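Me: I'm new to this one and would like to learn how to read it. Could you take me through a few features, step by step?

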Amino acid sequence: MIRRIRRREHELPQLNMASLPDLIFTVLFFFMIVTHMRDVTLKVNYKVPQGTELEKLVRKQAVSYIYIGPPALELQDRLGKDTHIQLNDKLSEVSDIENYIKEERKRMSSEDAQRMTVSIKADEKTDVGIISDVKMALRRAGAYVINYSSTQKNRKKQ
């Protein structure tokens, strides 16, 4: 006795698209909350030097940035081409660094204030004397963890 097995044609059910807008808005809100927008407008130009032994910063919320370099092109007519220091959105002097560090510590949580790192983003042609003055001001302010920003140097294979 031969039985014929009859295969029925099954249709795939339609995909329910009713919850798709909810999912899209949920993902959109997630990225809006998590994304950190740049809050500093650069007023100095800097080309970071290259290095070989680099480490990434882990806790970015505990990092304060100091930018050092010549003024941006639109400001060079007014300020000249001398090296300037930028703290947040304003051009400053070395004497302003101590107050800047105090204000940055106030805005951080107590745990982040203890782990505070100051990242110096200096132009590769910046005079070492200016960087030394900035380091001394940071030392007076009690900011002892200093990071120097650079890019990875390409090693030539021999």
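This is a predicted model: local features need pLDDT of at least 70, side-chain atom pairs count only at pLDDT 80 or more; totals for chains, interfaces and linings use all residues.

Me: Okay, salt bridges then. How many does a search of the whole structure find?

Reply: The general idea is that side chains of opposite charge can pair when their charged atoms come close. The rule here asks for a side-chain nitrogen of Lys or Arg within 4 Å of a carboxyl oxygen of Asp or Glu. Searching the whole structure gives four salt bridges. One of them joins E104 and R107, with the closest N and O atoms 2.8 Å apart. Both residues sit in helix 3, three residues apart, which is about one turn of the helix.

Me: Is E104 buried or exposed?

Reply: We go by relative accessible area: under 20% is buried, over 50% is exposed, and in between is partly exposed (1.4 Å probe, protein chains only). E104 has 5%, so it is buried.

Me: Which residue forms a salt bridge with E103?

Reply: That's K106, and the closest N and O atoms are 3.7 Å apart. This pair also lies in helix 3, three residues apart, about one turn. K106 is exposed at 65%, and E103 is partly exposed at 48%.

Me: And what does R140 meet in a salt bridge?

Reply: The side chain of E98, at 3.0 Å from N to O. Here the pair links distant parts of the chain: R140 is in helix 5 and E98 in helix 3, 42 residues apart. R140 is exposed at 52%, whereas E98 is partly exposed at 25%.

Me: Which of its residues are buried?

Reply: I131, V134, A137, L138 and A141. Look down the axis of helix 5 and these buried residues fall within an arc of 120° (taken from the directions from the helix axis to the C-beta atoms), so they line one face of the helix. The face turned away from that buried side carries the exposed residues V128 and R140.

Me: Last one: how do I read aromatic pairs?

Reply: A pair of aromatic rings is described by the distance of the centres and the angle of the planes. Rings of Phe, Tyr and Trp (its six-membered ring) pair if their centres lie within 6.5 Å; planes under 30 degrees apart are stacked, over 60 edge-to-face, and the rest tilted. That rule gives two aromatic pairs. F30 and F31 are edge-to-face, 5.3 Å centre to centre with 70° between the planes. Y65 and Y67 are stacked, at 6.3 Å and 20°. Y65 is partly exposed at 22%, but Y67 is buried at 8%.

Key. Residues are numbered from 1 along each chain as its sequence is written. Side-chain values use heavy atoms; hydrogens and water are left out. Helices (H or I, at least four residues) and strands (E, at least two) are DSSP runs, numbered from the N terminus.
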